[in-house]
Structures are given as structure tokens and as C-alpha cells.
Amino acid sequence: MPMRCEEFLSLVEALGRGDLLAEGERREALRHAEACLACRSELEESLALTGMLRSVARNSQAVEAPPDLEARLMSAFRLRQAARASFWQRHRAWMSAAASVLVLGFALVRVTPRPAAEDGRPAMAAAKMNWDEVDEIASDFFPLQGDVDLPDYEGRGLVRVLVPRTTLLAFGLPMNHERAFEPLQAEVLIGEDGAAKAIRFLNERP
Amino acid sequence: MSRARDQEDADLLRLAAAGDEEAFSAFFRRRYQSVYRFALHMSGSPATAEEVTQEVFMALIREPAGYDSERGSVAAFLYGVARNHVLRVQKTERRFTKLPDSGQEDAGLASEIPDPGAELLRADEVTRVRRAILALPPPFREVVALCELEEMSYLEAAEVLGCPVGTVRSRLHRARRLLREELRRVAGGCQ
């Protein structure tokens, strides 16, 4: 029985893109297209579409991601590894933590100690008390050592550092790519043992 | 997506998860261009494609064990994560249907992709097809991106999309019909 238009149209895209069809089915479809002007036109259009899509695919091979993407991600990878290493080495005191800070802040150019609150409250609370004194908005603290209980943590103070902006990526935070090469201010929370416990990022107030 | 290539990818990912920077770099270089291209085909926006590609690899940096070889190939995993990110961006920003009118300068995909050596007619044709692809609803756009532009088999696309092969086949059939209708409509409008 000859193939009907409806049946042909259900196969036309497979025919047009050269999909594998049963030999009998393919032969019947092509025979139908020879006899039916409308269906032949559909097949020609489908074949033309395949050609156009292949042109687009070929053309797309020339597309390349921005060249700095790799550098940004490799930087994030290194920072993440450094943060992980810090987690596992948390029992090493000052030297280990200082190394973590140095890795995070290799662009460190300025260190400004901030005193703890006079009433002896934890440094985090002190930082909040002084909040209005600084023209900045801070992120939450991110632990540099996995088991730090930040709300109850009694630290000694904060040190202000400059870190590469890509550090944000390592902590899963968004980064303004237009400012990728500008360093970012951060504050490192130092524990009683002198080790870096957590970091938070400061942004200029808009 | 050959089995050998996928095994190499899986090995590199395992090394990267253990902190091997060279392995991560090698893995990134093998895969990031295709992830970027797929995101670009899906979004039409170089900025979104860049953001999505970054997110895909950042997800691996944050959670290196996120890939489970029991659940499919590395390539399917990457495309799947990229697809989810693109759809999330699409949902929040609704930027995919904002195609420029015919004749307007296309600030997105069409103008970003170099077409060296192509004749004017061919470049115009490529641009028209890209616009038509971007006008497709996401379920149809993604099968076109995977099967036609990334040249995946139905089986590979089904793995990425997490649906049966038959669904991929029928969606692609429908997508191509929609593309032909759109191209016919645009061609008619130009006359």
C-alpha cells in the first residue's frame, strides 16, 4: 500500500537529517515524495534546514570562551585547595593559619589591626559595634577552619587585608568581572591562638 | 562522547578532586569550550554563556565529588549542569525571547561569532537560523543545540536531558518543524 502524506510527514525530518530508517520505509517515503509535490517540497525544505544547521554548527566551532576564564577558575581552584588544606591542618597554630592567609592574600599590601571591644566582648561583636564607622558592607564570615563556631567564638581581633577579587569565587560568591583585577578588602578574624579563623569580604558602599 | 575519552575525563576529575591542579587544568581545557558553546546556543548571550561555564566548573571546584560515574558520562554531567544553569538564568532574567528585530544590530550571539571567509549571504543565513533557534521554547532549543549543533546522538542527548530517547527524537522532529516555520515566516516578512 502506498505511503500517505500523513505518514510521510512523520518521517520527513528523519529523512531530512539523514537518520537511519528501515530500508523499505525509506524507499516508500522517497517514492511518495516523487509523486507528491507538497511532500517533496517539505523534504527539500527539511534537507535545506539540515544544511543550514550544519553551517551554524561549523561556524560555532570558531566560538571561544573568554581567555581569562581559565585563569579565573584556576585561581579559584588553588584558593579552594588552600582553604581545604587549612581545614585539615587546623591543629597547626599560627604558622599554618598564617600560610592560609598568605595564600588567600598574596596581594596583601596593607595590614591594619583592629582592636577587640573594650568590654571584652568577642571581636565579631566588636566589629558589629563599629559597623557604622566604616563606609563598607561586609559579607558573612567564612570559616577558614572547619569547626569554628563563629557566633560563640571569642577572638582577639581583626586584620584588614587586600585579597585578589577572584577569592570571592573560591567561596562561591559572585564577582564583578569588570573589576576582576582590582583587589578586594577583607577582614581576617584571628583567634586567641593567633591563627586565622575566618574571613569576610568588604565592599565599597554603593 | 567516546567511552575512552569519558574514562580519561573521569580519571582527571578524580585526580582534581584529590587536589591535582594539573589534572583540573587538563580537564578544564578538554571541556570548557563545548560547555561555553552549548550555553551560548541556549542563551544567545556571551555574558550568560561565560557565567554558566564558570558556574559549571565552580560547582566541580566546590564539590569535586559531585560527579557520579554511575549516573552517566562526564560530558552528560557537564551539559546537564550547564543546561540547568541556563534554564535558571532564563527563568530569572527572561532574556531569551528578547531577540532583536530583523534588521537591527544583534548585540548577542550573531555578532559575537566570527564568520571568517563566509559570503555575506551565508553569514546572513547563519544569523537567521541562530535567531530562529533562540526563538524556540527551551525543550526544543536544547535538543537542537545538542543533536544538531553539538552533533550528539539521540542516546547521548537523552542522557544529558534525563529523558527517553523517543522523547528526544519527537522533540527534535517538532523543533525542526518549528524552525522551518519560523524561517519561512522571516523569509516571507523580508519580501
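This is a predicted model: local features need pLDDT of at least 70, side-chain atom pairs count only at pLDDT 80 or more; totals for chains, interfaces and linings use all residues.
Now, rings. Searching the whole structure turns up 7 aromatic pairs over all chains. One of them joins A:F142 and A:F201: the centres are 6.1 Å apart, with 50 degrees between the planes, and that counts as tilted. This pair ties together distant parts of the chain, since A:F142 sits in strand β3 and A:F201 in strand β6, 59 residues apart.

Over to chain B. How are the rings of B:F28 and B:F57 arranged? Their planes are at 70 degrees and their centres 4.8 Å apart, so this pair is edge-to-face. Here too, distant parts of the chain are linked: B:F28 belongs to helix α2, residues 21–43, and B:F57 to helix α3, residues 46–62. Both B:F28 and B:F57 are buried. They're also part of a cluster that ring pairs build with B:F27 and B:Y32.

So what about those two helices? α2(B) and α3(B) pack at about 140 degrees, their axes 8 Å apart. That angle makes α2(B) oblique to α3(B), because only angles over 145 would count as roughly antiparallel. The crossing is right-handed.

And who's touching whom? From α2(B) you get, among them, B:F24, B:R31, B:V35 and B:L40, meeting residues of α3(B) including B:P46, B:E50, B:V56 and B:I61. By class, that contact has 15 nonpolar, 3 polar and 2 charged residues.

Methods. Residues are numbered from 1 along each chain as its sequence is written. Chains are lettered from A and ligands numbered from 1 in the order in which they are written. Side-chain values use heavy atoms; hydrogens and water are left out. Rings of Phe, Tyr and Trp (its six-membered ring) pair if their centres lie within 6.5 Å; planes under 30 degrees apart count as stacked, over 60 as edge-to-face and the rest as tilted. Helices (H or I, at least four residues) and strands (E, at least two) are DSSP runs, numbered from the N terminus. Buried means under 20% relative accessible area, exposed over 50%, partly exposed in between (1.4 Å probe, protein chains only). Axes are lines fitted to C-alpha atoms, for helices over the stretch in contact, and angles run from 0 to 180 degrees between N-to-C directions. Angles under 35 degrees count as roughly parallel, over 145 as roughly antiparallel, 65 to 115 as roughly perpendicular and the rest as oblique. A crossing is left-handed if the near helix is turned anticlockwise from the far one by less than a right angle, and right-handed if clockwise. Contact means heavy atoms within 4.5 Å. Ala, Val, Leu, Ile, Met, Phe, Trp, Tyr, Cys and Pro count as nonpolar, Asp, Glu, Lys and Arg as charged, and the others, Gly among them, as polar.
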